[in-house]
Amino acid sequence: MADFGITEVLALVGAGVSAAGTLAAGAAKKSAADYQAAQLDQQAKEETAAAQREAERAKKEKNFVLSRQQAVASASGLGALDETVVDLAGDIATQGAVNEGMIRYGGEERAKGRRAQAASARMEGKAAQTGSYFSAVGTLMDGVGSFAKDWNPTPYAAPSSGIYY
């Protein structure tokens, strides 16, 4: 058996410290990824809210155009139920609804993208943390293996049966 010196003990302690550092690094990466994911989730909410505000602005603009059309039609002597006025109002209302829908759709798609990025960040953090577990175990096993090698430097030799051929 080998005589344990300070070098072997320090090597074993170093392996433990290295493993702890690996675990801490994995936890820090997961924490950073979780923070990034929370920021992306917040951005998704902001995208949705911004699209809702923009759609509301488009709706007000549509209503303003319809109101202006009625005022101009009245001032020109046409009635509110004149076929041309009604057709134009229908076109304006249709286009306004399409604009509102496209604005809301665009905002929701941008929000979906942010949420997907957040999910990806969470997965990366979890993978980094899981990887740190395996890396720490590998570091510990390497340290213990080196220690064991120094402890029993002679390899195991099978006993001889005494029979020679």
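Visitor: Let's start with Asp-41: how accessible is it?
Guide: Asp-41 counts as partly exposed, because its relative accessibility is 23%, and the scale used here calls a residue buried under 20% relative accessible area, exposed over 50% and partly exposed in between, with a 1.4 Å probe and protein chains only. Please keep in mind that this is a predicted model, in which local features need pLDDT of at least 70 and side-chain atom pairs count only at pLDDT 80 or more, while totals for chains, interfaces and linings use all residues. Residues are numbered from 1 along each chain as its sequence is written, and side-chain values use heavy atoms, with hydrogens and water left out.

Visitor: What does the side chain of Asp-41 meet in a salt bridge?
Guide: The partner is Arg-122, at 2.4 Å from N to O, where a salt bridge is a side-chain nitrogen of Lys or Arg within 4 Å of a carboxyl oxygen of Asp or Glu. Arg-122 lies in helix α2 (residues 83-151) and Asp-41 in helix α1, so the pair ties together parts that are 81 residues apart in sequence; helices here are DSSP runs of H or I with at least four residues, numbered from the N terminus.

Visitor: And why do side chains like that pair at all?
Guide: Side chains of opposite charge can pair when their charged atoms come close.

Visitor: How many salt bridges are there by that rule?
Guide: The count comes to 9. One of them joins Arg-114 and Glu-47, with the closest N and O atoms 3.9 Å apart, and this pair links Arg-114 in helix α2 with Glu-47 in helix α1, 67 residues apart.

Visitor: Switching topic, how far apart are the end C-alpha atoms of helix α1?
Guide: They are 102 Å apart, which agrees with the 104 Å that the 70 residues of helix α1 (residues 6-75) should span at 1.5 Å a residue; the expected span is 1.5 Å times one less than the number of residues.

Visitor: Then Gln-69, is that buried or exposed?
Guide: Gln-69, which has its place in helix α1, counts as buried at 12% relative accessibility.

Visitor: Which residues does Gln-69 touch?
Guide: Leaving out residues up to four places away in sequence, Gln-69 touches Val-85, Leu-88, Ala-89 and Ile-92, where contact means heavy atoms within 4.5 Å.

Notes. Helices (H or I, at least four residues) and strands (E, at least two) are DSSP runs, numbered from the N terminus.
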